Amino acid sequence: MNVSWVNQAIDKIEADFQRSADTHLIKLELPFLNGIDIYLKDESTHPTGSLKHRLARSLFLYALCNGWIKEGAPVIESSSGSTAVSEAYFARLLGLPFIAVMPRSTAKKKIQQIEFYGGQCHFVDHSSEIYAESERLAQELNGHYMDQFTYAERATDWRGNNNIANSIFGQMQREPHPEPHWVVMSPGTGGTSATIGRYIRYQRLPSKLCVVDPENSVFYDYYKTGDAKLSCTSSSKIEGIGRPRVEPSFIPGVVDHMIKIPDAASIATINWLEKQIGRRTGPSTGTNLFGALLLASEMQQAGQQGSIVTLICDPGERYLDTYYNPEWIAANIGCYRHYSKQLEQMENSGVLTLTKCC
């Protein structure tokens with residue numbers, strides 16, 4: 001191992017971190033909620049535009065310190081987009097070739113961003129094929145398969161060290177309810193929910209973690225049954241979250257509650273949120289926020305007060321040809337007006353219930 005090169009690589013990543021500010025915590029102004037505050041941790045403001053910037057930094061540092069990444073050798077990752085964008089950024093920073101193995105259905109904007117940072121995109125037909133193909137490429141090219149789905153939960157120091165949980169609770173200190181009643185997160189690898197859940201336990205906080213899962217994903221059923229062999233043939237239509245198999249980084253023991261969110265509800269929510277904050281967000285943000293609003297409704301009906309924190313995972317500009325394209329929505333998601341009406345009714349009653357469209 002070239003120790004000098006590894007030291008220089010770590011220095012470059014740490015210098016990049018020092019040049020980056022923390023992400024904002026946005027408080028939604030929702031007068032229909034009495035004594036219940038909802039906050040959005042805006043991860044779209046990272047240099048590569050998503051929550052996955054934190055993960056990519058941690059994965060590179062973890063792999064460098066383990067001696068897995070070699071000078072000049074390619075880095076390969078299996079990703080539906082956002083992680084690959086961020087890893088391409090760090091690979092370019094270190095002068096390394098980068099290959100993203102992803103489904104052909106990945107949003108065009110993400111593909112363009114990976115290529116902008118000098119990465120290559122290697123396509124497969126189904127999301128279940130990304131793992132084996134990534135391993136094959138890494139062996140063939142004598143490179144390193146980063147494998148976010150295995151290492152996401154262990155590459156980040158969940159005890160503190162500027163992780164996302166540490167940032168959330170630090171920014172909440174001066175709010176009316178500084179210790180959130182709920183933190184809401186959707187799983188892609190499961191790494192972020194593992195970090196948040198572990199941090200809450202380690203710091204002995206009263207907050208609870210709710211994980212919201214989209215359709216065509218096995219995490220919710222795994223949480224309910226404990227069957228790690230579960231799989232599904234269809235891929236999640238909410239890009240970036242939901243998986244067809246139980247990923248090693250998903251740790252159900254740190255989760256207090258899970259909700260399965262209909263895909264149409266996620267789309268209705270990003271359109272509703274645009275009216276609240278004046279900008280577009282990615283579809284997983286809709287999944288997160290619909291879950292947060294459901295919990296807020298339950299708290300309100302129970303006469304409880306407190307705060308709920310969830311995430312803006314990435315910007316909506318990445319999805320103009322998909323989740324903000326009516327033709328694509330009609331073909332892939334279907335009508336979401338039922339959930340739009342539910343959100344409108346919540347503005348009048350403060351009550352939101354999870355009822356599926358007939």
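Mentor: The largest cavity holds about 160 Å³ of space. This is a predicted model, and a search of the whole structure finds one cavity of 30 Å³ or more. The lining consists of 21 residues, with Leu51, Lys52, Gly240, Ile241 and Cys313 nearest the centre. By class, the lining has eleven polar, six nonpolar and four charged residues. Helix α8 (residues 191-202) gives the most to this lining, namely three residues.

Helix α8 lies across β7 and β8 (208-213), and runs at about 165° to β8. Strands β7 and β8 belong to an open sheet of six strands with mixed pairing, in the order β1-β2-β10-β7-β8-β9. The edges are β1 (25-27) and β9 (257-260); each has a single partner strand, so one side of each is left without a neighbour in the sheet. From one strand to the next, the twist averages 25°. Within this sheet, β2 (residues 36-42) pairs with β10 (residues 306-312) in the parallel sense over seven bridges, and Ile36 has Gly306 of β10 as its bridge partner. Helix α7 (residues 164-171) also packs on the sheet, touching β1, β2, β7 (182-185) and β10, and its direction makes about 135° with that of β2.

Helix α2 (residues 52-65) packs with helix α6 (residues 148-155) at an angle of about 90°, the axes being 9 Å apart. The two helices are therefore roughly perpendicular. On the α2 side the contact is made by Lys52, Leu55, Ser58, Leu59 and Tyr62; on the α6 side by Gln148, Tyr151, Ala152, Arg154 and Ala155. These contact residues divide into six nonpolar, two polar and two charged.

Technical notes:
Residues are numbered from 1 along each chain as its sequence is written. This is a predicted model: local features need pLDDT of at least 70, side-chain atom pairs count only at pLDDT 80 or more; totals for chains, interfaces and linings use all residues. Side-chain values use heavy atoms; hydrogens and water are left out. On a 1 Å grid over the protein atoms alone, a cavity is a set of points where a 1.4 Å probe fits but cannot get out, and a pocket is an open set with protein on both sides within 12 Å along at least five of seven lines; lining residues have an atom within 4 Å of a point. Grid points are joined across faces, edges and corners, and a volume is the space filled by probe spheres set on the points. Helices (H or I, at least four residues) and strands (E, at least two) are DSSP runs, numbered from the N terminus. Ala, Val, Leu, Ile, Met, Phe, Trp, Tyr, Cys and Pro count as nonpolar, Asp, Glu, Lys and Arg as charged, and the others, Gly among them, as polar. Axes are lines fitted to C-alpha atoms, for helices over the stretch in contact, and angles run from 0 to 180 degrees between N-to-C directions. Angles under 35 degrees count as roughly parallel, over 145 as roughly antiparallel, 65 to 115 as roughly perpendicular and the rest as oblique. Contact means heavy atoms within 4.5 Å. Two strands pair if DSSP finds at least two bridges between them.
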